[in-house]
Amino acid sequence: MQFQQLQYFVAVAETRHFTRAADLVHVAQPSLSQQIKTLERELGADLFLRARGNITLTDAGEALLPLARRILADADTARHEVQELAQLRSGRVRLGATPSLCTGLLPDVLRAFHDRYPGVRLLIEEGGSHDLVRELARGALDLALVVLPLPTPAPALTTVELLREDLVVVSSPDAPRPGRGRRTVRVPDLEGERLVMFRHGYDLRELTVAACRAEGFEPDFAVEGGEMDAVLGFVRAGLGVAVVPRMVAARSGRGLRVTPLARPGLHRTIALAHRSDVAPPRAARELQRMLLER
């Protein structure tokens with residue numbers, strides 16, 4: 001008994017037609033009929049009653065059908081499991097993240113993932129949450145690290161909260177300390193400060209501007225339009241202060257003064273998102289596990 005013969009048998013049993021079954025399994029009809037006859041000889045019983053325009057299962061066929069389906073299903077499961085394991089040796093993960101998360105959160109996690117699965121290619125796309133949600137929806141990413149709440153409702157996405165991160169104020173050590181020299185800064189203290197501001201569409205820009213407006217003032221921009229590295233560089237040069245995630249400030253090394261925001265402060269919630277209708281590949285699920293367990 002051959003695996004292929006069982007495939008042909010199930011196709012005929014389900015279509016009750018030899019020609020349609022042959023089309024279903026992409027084989028010539030005479031070849032399919034010959035394989036069915038060979039299977040019947042090996043089993044010593046007819047599997048079908050063949051009448052013009054009417055194909056029905058014999059008792060032997062009825063007995064074989066659930067067993068054949070189970071064998072084929074087990075084979076599919078075995079193939080899937082092997083492919084899943086193979087993906088951890090040579091697969092790929094397409095991960096989207098905001099630039100600040102690429103700077104602050106991802107380096108340590110990606111290093112650990114790469115050490116464990118060196119054959120898996122990591123494809124990273126930086127962007128704002130709005131852009132990353134769009135890329136997830138069209139299938140261009142497996143996973144994305146986004147800032148909640150999402151800019152637009154996304155019912156086709158599953159999000160899992162990963163962390164809640166404090167924001168801090170960074171400034172040049174050569175410039176006066178923001179907040180009139182106090183050890184913490186309140187959002188109202190940013191009125192009158194020259195801010196180095198991110199480009200439009202950047203989650204941190206929207207959050208900072210909204211916080212200033214909630215306190216009744218419009219922020220004053222010294223420079224605007226940069227990505228994270230550019231913003232930090234402009235702050236080091238003394239062009240102004242910036243509001244950035246604590247993890248980014250901690251990783252940015254010398255040349256920056258970090259001042260916490262006084263309670264209640266400013267925070268952002270980071271979530272891991274993927275499409276609800278498509279399971280991420282095995283390698284992406286493994287990276288997801290490592291991010292959630294970090």
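In this predicted model, helix α6 (residues 106-116) and helix α11 (residues 282-292) have axes that come within 10 Å of each other and cross at roughly 130 degrees. That angle makes α6 oblique to α11. The crossing of the two helices is right-handed. On the α6 side, the residues that meet the other helix are L106, V109, L110, A112, F113 and R116, and on the α11 side they are A283, E286, L287, R289, M290 and L291. Sorted by class, the residues of this contact are nine nonpolar, no polar and three charged.

Helix α1 (residues 3-15) and helix α3 (residues 29-43) form another pair, with axes that come within 9 Å and cross at roughly 105 degrees. An angle from 65 to 115 degrees counts as roughly perpendicular, and α1 and α3 are therefore roughly perpendicular to each other. From α1, the residues Q5, Y8, F9 and V12 take part in the contact, and they meet L32, Q35, I36, T38, L39 and E42 of α3. The residues of this contact divide into six nonpolar, three polar and one charged.

Helix α1 also meets helix α2 (residues 18-25); the axes of these two come within 8 Å and cross at roughly 130 degrees. The pair α1 and α2 is therefore oblique, and its crossing is right-handed. Q7, Y8, A11, V12 and T15 of α1 make the contact together with F18, R20, A21, L24 and V25 of α2. By class, seven of these residues are nonpolar, two are polar and one is charged.

| Helix pair | Axes come within | Crossing angle |
|---|---|---|
| α6 and α11 | 10 Å | roughly 130 degrees |
| α1 and α3 | 9 Å | roughly 105 degrees |
| α1 and α2 | 8 Å | roughly 130 degrees |

## Two residues of helix α3

Q29 is found in helix α3. Is Q29 buried, exposed or partly exposed? The relative accessibility of Q29 is 30%, so Q29 counts as partly exposed. Leaving out residues up to four places away in sequence, Q29 touches F18, T19 and A22. Between Q29 and F18, which are eleven residues apart along the chain, the C-alpha separation is 6.6 Å.

E40 is found in helix α3 too. With 8% relative accessibility, E40 counts as buried, because buried means under 20% relative accessible area. Apart from its neighbours within four places in sequence, E40 is in contact with A45, D46, L47, F48 and R50.

## Loops around helix α2

R16 lies in the loop between α1 and α2. Phi of R16 is near 55 degrees, which is a positive value in a residue other than glycine. R16 has a relative accessible area of 36% and is partly exposed.

H26 is found in the loop between α2 and α3. Its phi is near 60 degrees, again a positive value in a residue other than glycine. H26 is exposed, with a relative accessible area of 74%.

## Cis peptide bonds

Where do cis peptide bonds occur? One joins L148 and P149, with omega about 0 degrees. P149 lies in the loop between β5 (143-148) and β6 (157-171). Another runs from R263 to P264, with omega near 5 degrees. P264 lies in the loop between β10 (257-260) and β11 (267-275).

## V248 and its surroundings

V248 belongs to helix α10 (residues 246-251). The relative accessible area of V248 is 1%, so V248 is buried. Which residues does V248 contact, leaving aside its neighbours within four places in sequence? They are S100, T103, G104, E165, M228 and L232. The C-alpha atoms of V248 and D229 are separated by 9.9 Å, and these two residues are 19 residues apart along the chain.

## Cysteines

How many disulfides does a search of the whole structure find? The search finds zero. C102 counts as buried at 18% relative accessibility, and C212 counts as buried at 0%. Both values are under 20%, the cut-off for buried.

Terms used. Residues are numbered from 1 along each chain as its sequence is written. This is a predicted model: local features need pLDDT of at least 70, side-chain atom pairs count only at pLDDT 80 or more; totals for chains, interfaces and linings use all residues. Side-chain values use heavy atoms; hydrogens and water are left out. Helices (H or I, at least four residues) and strands (E, at least two) are DSSP runs, numbered from the N terminus. Buried means under 20% relative accessible area, exposed over 50%, partly exposed in between (1.4 Å probe, protein chains only). Contact means heavy atoms within 4.5 Å. Axes are lines fitted to C-alpha atoms, for helices over the stretch in contact, and angles run from 0 to 180 degrees between N-to-C directions. Angles under 35 degrees count as roughly parallel, over 145 as roughly antiparallel, 65 to 115 as roughly perpendicular and the rest as oblique. A crossing is left-handed if the near helix is turned anticlockwise from the far one by less than a right angle, and right-handed if clockwise. Ala, Val, Leu, Ile, Met, Phe, Trp, Tyr, Cys and Pro count as nonpolar, Asp, Glu, Lys and Arg as charged, and the others, Gly among them, as polar. A disulfide is a pair of cysteine sulfur atoms within 2.5 Å.
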